[in-house]
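Subject: Structure for you to look at

Hi,

Here is the structure I said I would pass on. Have a look at it first, and then read on for what turned up.

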Amino acid sequence: MTDRRLAEDVRIVGSGLLGTSIGLGLAARGVDVVMDDVSPSARRLAVDYGAGREPAAGDAPGLIVVCVPPDVTASIVARELAAYPDALVTDVASVKAAPLAELRAMGADLGRYLGTHPMAGRERGGAISARADLFVGRPWVLAGHDDISYRRAGAIEDMILDLGAVPIELDVERHDRSVALVSHVPQVVSSLLAARLSEGDGAALQLAGQGLRDVTRVAGSDPALWVQILGANAPAVVDVLRPLRDDLERVIAALDAPEAPGSRRAIADALAAGNTGVARIPGKHGQDRRFSQIVVMVDDTPGELARLLTEIGEAGVNMEDLRLEHSPGAQIGLAEISVVPEAEQRLVAELEERGWTIAGAFA
Ligand SMILES: NC(=O)c1ccc[n+]([C@@H]2O[C@H](COP(=O)([O-])OP(=O)(O)OC[C@H]3O[C@@H](n4cnc5c(N)ncnc54)[C@H](O)[C@@H]3O)[C@@H](O)[C@H]2O)c1
Ligand SMILES: O=C(O)C(=O)C[C@]1(C(=O)O)C=C[C@@H](O)C=C1
C-alpha cells in the first residue's frame, strides 16, 4: 500500500473534473473510492478512468466529498449528511458562504460538515479532463465555520495532503472575499477581453502571441458554471470590479489625450501598479520565492522536447515549471524552464555545451 495519511473510505458525489481528479489521486494511493453522479454515464466514465468503483450496498464511507455545481451543493451535502450519519462531509464548490447559509437554513448537521475549495482546476469540465496531479502544490482552502473545529475535520486535511495540495484555513467570508480578487474577477476580465476578439479581423488573430494566450486561457471556461459562481459571490466581485472600472477609465482618459500634461504619468503609474501587484503573486508551492527563467529553442521534431527534459535531469537540475510557446506553422518552439536562481548559470552552460540554443535567461 502507498504511504498515505487518510484512513477513511471515501465516497465522491459528482464525477466531473474535480470529483474524478480527486478519485484518481486517492485511488492511486490505495484509498477505497466510490464514485457517484446524477448522470450514470458520467459515473461510469469516471470508473472507467480508474477514479474509483461503483457504489454498492453496505458502503460505509468515513469521508464524503461533494463535487457538484455550486447551486446544488447544499442540497447534496444535506442529503449525504442524512444518508451517512457517521461520515464527515465536505464539498469543493468555488463559493463557500452561500452553501453554508443554505445548509444552516435546512437545519443540516453542521458538526460533520466543513466546506473546502481547491485552488486548482481547468477551463474544461468532465471526467475526460481530469488529472490525478491536478492539486499538486496548489492551495486548498478549508473554509471554517463555528459548528466544527479544524481538528474534527482532520480527515479532510489528510485527503488534501495526500493529494499533494497545501491546506489553508480561512473562514467562509474571508474565503469568498479572497477568491473574488484572485479568481472570480480574473475570470470576468479574461472573458471580457476575449470577447473583444470576436471583432478583430482574421489577420489580427494570426498575430496572437503568448501574451494574449496568457490572459485569455480561462475565457474558455463553462459559462453555466461561472454564472453560478459569480452570482453566489456577487457583492465581493462587484467590490473589486468597481475600482477596476475606475482604473480603466483613468487609462482611457489618459489615452484620449496622450499629449496632455500628466497623461504619460497616469499611464506609467497604472502599469507600474501592475508590476507591484504581479510581484505579490506567490511562486510555486505558495511560497514567495521567485525563479529564474531559461528560454530554450526546441526544433519542432518528434522527441526533441523529451530530449531537452532528459538532459536537464542529467544536469542534476530540478525544473520548477515549464511553459511552451509554439506558433502554428513555425518550425521551432520555445520552452521556458523555471529553475531556482542558483541553478540558472550552470544549466545555461550545460545546455549550451550540449548544443541547445538559449533564446534568453532572466531572473
Ligand atoms: N472547474 C474548476 O476549475 C473548479 C475548480 C475548483 C472548484 N470547482 C468546483 O467544483 C465543483 C464541480 O466542478 P467541475 O468543474 O468538476 O464540474 P463538472 O461539470 O466537470 O462536474 C460536475 C458533475 O456533477 C454532476 N452533478 C450535477 N448535479 C448533480 C447532482 N444533483 N447529483 C450528483 N451529481 C451531480 C454532473 O453530472 C457532473 O458530472 C463546482 O462546485 C465548482 O465550483 C471547480
Ligand atoms: O486554472 C483554471 O483553469 C481554473 O479554473 C482555476 C481556478 C482559479 O481561478 O484559480 C478557477 C476556479 C476555481 O474555483 C478554482 C481554481
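Let's begin with Leu-26, which touches Leu-6, Val-10, Val-31, Val-33, Met-159, Asp-162 and Leu-163, leaving aside residues up to four places away in sequence. You'll find Leu-26 in helix H1, which covers residues 17-28. With a relative accessibility of 0%, Leu-26 counts as buried. Another pair to pick out is Leu-26 and Ala-51: they are 25 residues apart along the chain, and their C-alpha atoms are separated by 7.9 Å.

Before you go further, please keep in mind that this is a predicted model.

Now for the chain as a whole. It has 13 helices and eleven strands, and its C-alpha atoms fill a box of roughly 65 × 55 × 40 Å along the principal axes. There are 363 residues, and 38% of them count as buried. If you take the contacts between residues at least 6 apart in sequence, 68% of them join residues at least 24 apart.

On to the charges. The chain carries 35 positive and 52 negative ones, and the mean positions of the two sets are 2 Å apart. Side chains of opposite charge can pair when their charged atoms come close. Here the count comes to 22 salt bridges.

Which residues are linked in a network of salt bridges? Glu-304, Arg-307, Glu-311, Glu-314, Glu-350 and Arg-354 are.

Glu-304 is buried, at 14% relative accessible area, while Arg-307 counts as partly exposed at 34%.

Then there is Glu-311 with Arg-354, another salt bridge, where the closest N and O atoms are 3.9 Å apart. Glu-311 lies in helix H12 and Arg-354 in the loop between helix H13 (344-353) and strand S11 (357-362), so this pair ties together parts that are 43 residues apart in sequence. Glu-311 counts as buried, with 11% relative accessibility, whereas Arg-354 is partly exposed at 33%.

Arg-323 belongs to strand S9 (residues 321-325) and Glu-336 to strand S10 (residues 332-339), so to speak two distant parts of the chain, linked across 13 residues. Arg-323 is partly exposed, its relative accessible area being 36%.

Is Ile-128 buried or exposed? It counts as exposed, with 64% relative accessibility. To locate Ile-128, go to the loop between strand S5 (115-118) and strand S6 (139-144).

Over to you, and write back once you have had a look.

Cheers

Conventions
Residues are numbered from 1 along each chain as its sequence is written. Chains are lettered from A and ligands numbered from 1 in the order in which they are written. This is a predicted model: local features need pLDDT of at least 70, side-chain atom pairs count only at pLDDT 80 or more; totals for chains, interfaces and linings use all residues. Side-chain values use heavy atoms; hydrogens and water are left out. Helices (H or I, at least four residues) and strands (E, at least two) are DSSP runs, numbered from the N terminus. Buried means under 20% relative accessible area, exposed over 50%, partly exposed in between (1.4 Å probe, protein chains only). Contact means heavy atoms within 4.5 Å. Lys and Arg count as positive and Asp and Glu as negative; His and the chain ends are not counted. The place of a charge is taken as NZ of Lys, CZ of Arg, CG of Asp or CD of Glu. A salt bridge is a side-chain nitrogen of Lys or Arg within 4 Å of a carboxyl oxygen of Asp or Glu.
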